[in-house]
Amino acid sequence: MCEWHLRRLDSVEGSLWDELFTASPQNLDACAYAVQQGDHTFTRLQHRINSTRRAFHTALKELERLEARDQDVVLSAPTRSRP
């Protein structure tokens, strides 16, 4: 889910840049205009990206912990001798 969100947020960021570049007046630098006009929006978007990345890394660490725990259980399980 986090991976999907990051792909969507990346798409949103690209679209936002395109929209702001297109809206920039001819007498201003398009990049400077985009940063100035989209400052608040870019900040909010970056917070969402950072939050999603944190959630991804938290989930990944938990998955690795559970896999290690399960492997320890398998390795330390007593073997049963067959009669």
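Me: Where in the secondary structure is the place of Cys2?
Reply: Helices are DSSP runs of H or I with at least four residues, strands are runs of E with at least two, and both are numbered from the N terminus; by that reading Cys2 has its place in helix H1. The model is predicted, so to speak a computed one, with local features requiring pLDDT of at least 70 and side-chain atom pairs counting only at pLDDT 80 or more, while totals for chains, interfaces and linings use all residues. Residues are numbered from 1 along each chain as its sequence is written, and side-chain values use heavy atoms, with hydrogens and water left out.

Me: How many helices and strands does the protein chain have?
Reply: The protein chain comes to 3 helices and 0 strands, and from the N terminus on its elements run α-α-α.

Me: Is Cys2 buried or exposed?
Reply: A residue is called buried under 20% relative accessible area, exposed over 50% and partly exposed in between, using a 1.4 Å probe and protein chains only. Cys2 counts as buried because its relative accessibility is 19%. Of the 83 residues in the protein chain, 14% are buried.

Me: Which residues is Cys2 in contact with, leaving aside its neighbours within four places in sequence?
Reply: Contact means heavy atoms within 4.5 Å, and with those neighbours left aside Cys2 is in contact with Thr52, Ala55 and Phe56. His57 lies in helix H3, where it counts as partly exposed at 44% relative accessibility. For the protein chain as a whole, among contacts between residues at least 6 apart in sequence, 51% join residues at least 24 apart.

Me: At what angle do the axes of H1 and helix H2 cross?
Reply: Two packed helices are described by the angle between their axes and the distance between the axes. Axes are lines fitted to C-alpha atoms, for helices over the stretch in contact, and angles run from 0 to 180 degrees between N-to-C directions. Here the axes of H1 and helix H2 (residues 30-37) cross at roughly 115° and come within 8 Å.

Me: Which residues in H1 and H2 meet?
Reply: From H1, Trp17, Leu20, Phe21 and Ala23 meet Ala30, Cys31, Tyr33, Ala34, Val35 and Gln37 in H2. By class, this contact of H1 with H2 has 9 nonpolar, 1 polar and no charged residues, where Ala, Val, Leu, Ile, Met, Phe, Trp, Tyr, Cys and Pro count as nonpolar, Asp, Glu, Lys and Arg as charged, and the others, Gly among them, as polar.

Me: Is Ser24 buried or exposed?
Reply: Ser24, which lies in the loop between H1 and H2, is buried because its relative accessible area is 12%. Leaving aside neighbours within four places in sequence, Ser24 is in contact with Ala30 and Tyr33.

Me: How many salt bridges does a search of the whole structure find?
Reply: Side chains of opposite charge can pair when their charged atoms come close. A salt bridge is a side-chain nitrogen of Lys or Arg within 4 Å of a carboxyl oxygen of Asp or Glu, and a search of the whole structure finds 3. One of them pairs Glu3 with Arg7, whose closest N and O atoms are 3.1 Å apart; both residues lie in helix H1 (residues 2-23), 4 residues apart, about one turn of the helix. Glu3 counts as exposed at 52% relative accessibility, whereas Arg7 counts as partly exposed at 49%.

Me: Why are Arg65 and Glu62 separated by about one helical turn?
Reply: They are so separated because Arg65 and Glu62 are 3 residues apart in helix H3 (residues 39-76). Their side chains meet in a salt bridge with an N to O distance of 2.7 Å. Arg65 is partly exposed at 44% relative accessibility, and Glu62 is partly exposed with a relative accessible area of 34%.

Me: What is the distance between the closest N and O atoms where Asp70 forms a salt bridge with Arg69?
Reply: The closest N and O atoms of Asp70 and Arg69 are 3.0 Å apart. Asp70 counts as partly exposed at 39% relative accessibility, and Arg69 is partly exposed with a relative accessible area of 43%.
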